[in-house]
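Visitor: I have a model open on my screen and would like to learn how to read it. Could you walk me through a few features?

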Amino acid sequence: MTDQKAQLLIDGKTIELNVITGTLGPKAIDVSPLFKNGYFTYDPGLNATATCESEITYIDGEAGTLLYRGYDIAELAEHSNYLEVCYLLLNGELPSSTEYTTFCNALMHHTMVHEQMRHFFNGFRRDAHPMAVMVGVVGALSAFYNDNVDFHLAENRMMVALRLIAKMPTIAAMCYKYSIGQPFIPPNNDLSFSENFLHMMFATPCEKYTPHPAIVKALDRIFILHADHEQNASTATVRSAGSTGANPFACIAAGIGALWGPQHGGANEAALNMLHEIGDTSKIGQYIARAKDPNNSFRLMGFGHRVYKNYDPRAKSMRETCHEVLEAVGAHDTPVFKLAMELERLALNDSYFIEKKLYPNVDFYSGITLSAIGIPTNMFTVIFAMARTVGWISQWSEMISHAYRLSRPRQIYTGKTAREYLGIGKR
Ligand code: CMC
């Protein structure tokens, strides 16, 4: 907060509003007093509205900056690992080596899910989208951990965080195994977070799965790059649900639902589906023309971002990882990856995309990488959800630990004015 004031002149009245300043980023005008003066603000999509104060993540879309607790994403992607980033997001500081070991041990002891949870899977069709299963199963965790817990206590919030971060990979892999009719593979706590996930995905009771180190590193990097992204649609959903005092597992299930959409977490799946639809490099021009046509709603999936109008800083690290994986698995010459690289080249050199500052986003490269790892397309958003869980729960925990208000946006009513009810015979 500063002493600075903004004045709004309306209907001959001057309304004085406080100006709020964060440590970085634009100033904000506190419009909360407007309502008692008879006005709402109108901001569909909330593009110009800060709905909370947060110390977790900072984004400068114009500069292409993304910081987790002050640390640059590129540095974290290069030098850190996902569990260290989880500790950082949850606690505000990087851990000492003892803190790190204690955190990892605590987390890895929550990787199993309650045996009763297996029965939930039998209720789903085998061809159900894994995100549909994920929403249901994660929501069901609230039925297992519904004890009368006081979430104003930090240790209770941390327990929820540990349970969620640890169980999400197990549930995600169970979704996959169920869809292909293979038995569930229990977690192996001797493995790293990423190795364990790959083990639960690709091992079978009769065959071990030993991933290439480049794949383990790539997956860990995907988790880091997707761990948090301030007040995006799914995080805002988690906060909104959390503001009602709802069970945190149910709040995360709400976030998973919001993430599913193709304009948010579903973009990496949509990007890969688009590459398959294009099918051949000779057809790229056709698709670029459709994307540029103002009368056509088609968009190049994996390009553009609501916040990053220069470059998605996560895309830089992800691009590098993408090439490492393609190299490691010998997939550089596979038609779909050749097509992806040609699409990237053409779009980056096309004046429409240059003028509108539409660059490949993180999901363009993560989709290609996950596909090269052998992860089926419909699991991409599930992996995004796993990675984002720490962000969601950190944001939820931050909100609960501060004074917060029930989220309740208003509207501009454009419907009928009050009118009299007429009995059915008189209409
Ligand atoms: N292909 C073609 N044109 C596009 C694209 C695209 N991917 N994205 C934006 N445009 C055009 C858009 O038509 C508009 O043109 P005009 O000014 O002539 O009306 C202009 O660029 C600005 O677009 P906008 O809709 O105002 O931008 P936005 O900030 O609302 O949209 C977006 C951001 C991500 C929804 C959009 O770029 C998009 O739909 N991209 C494809 C889906 C995608 O990759 N989403 C993942 C985002 S990253 C994941 C995450 O962080 O959750």
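Guide: Gladly, and let's start with strands: two of them pair if DSSP finds at least two bridges between them. Helices (H or I, at least four residues) and strands (E, at least two) are DSSP runs, numbered from the N terminus. This is a predicted model, where local features need pLDDT of at least 70, side-chain atom pairs count only at pLDDT 80 or more, and totals for chains, interfaces and linings use all residues. Residues are numbered from 1 along each chain as its sequence is written, and side-chain values use heavy atoms, with hydrogens and water left out.

Visitor: How many bridges join E4 to E5, and in which direction do these strands run?

Guide: Strands of a sheet pair through backbone hydrogen bonds, either parallel or antiparallel. Here E4 (residues 57-60) and E5 (residues 65-68) run antiparallel, joined by four bridges. Tyr-58 stands opposite Leu-67 of E5. The two strands form a hairpin with four residues between them, and Gly-64 in that turn has a positive phi of about 70°.

Visitor: What is the order of strands in the open sheet?

Guide: The order is E4-E5-E6, three strands with antiparallel pairing. E4 and E6 (71-72) are the edge strands, each pairing on one side only. Two bridges join E5 to E6, and Leu-67 stands opposite Asp-72 of E6. E5 and E6 also form a hairpin, with two residues between them; Arg-69 in the turn has a positive phi of about 50°.

Visitor: Which residues of E4 lie on its covered face?

Guide: In a regular strand the side chains alternate between the two faces of the sheet. In E4, Thr-57 and Ile-59 make up the covered face, while Tyr-58 and Asp-60 are on the uncovered one.

Visitor: Now the ligand: which side chains have polar atoms by its oxygen atoms?

Guide: A polar contact is a pair of N or O atoms within 3.5 Å. An N or O atom in the side chain of Arg-306 is 2.9 Å from a ligand oxygen. For Lys-356 the distance to a ligand oxygen is 3.0 Å, and for Asn-361 it is 2.9 Å. Taken alone the ligand exposes 940 Å², of which the protein buries 75%; areas come from the Shrake-Rupley method with a 1.4 Å probe.

Visitor: How many disulfides are there?

Guide: A disulfide is a pair of cysteine sulfur atoms within 2.5 Å, and the count comes to zero. Cys-86 is in none: the nearest cysteine sulfur, that of Cys-104, is 9.0 Å away.

Visitor: Is Cys-86 buried or exposed?

Guide: Buried means under 20% relative accessible area, exposed over 50%, and partly exposed in between (1.4 Å probe, protein chains only). Cys-86 has a relative accessible area of 0%, so this residue is buried. Cys-322 also counts as buried, at 0%.

How values were computed: A polar contact is a pair of N or O atoms within 3.5 Å; within protein, one must be able to donate a hydrogen and the other to accept it, and residues adjacent in sequence count only if both atoms are side-chain atoms.
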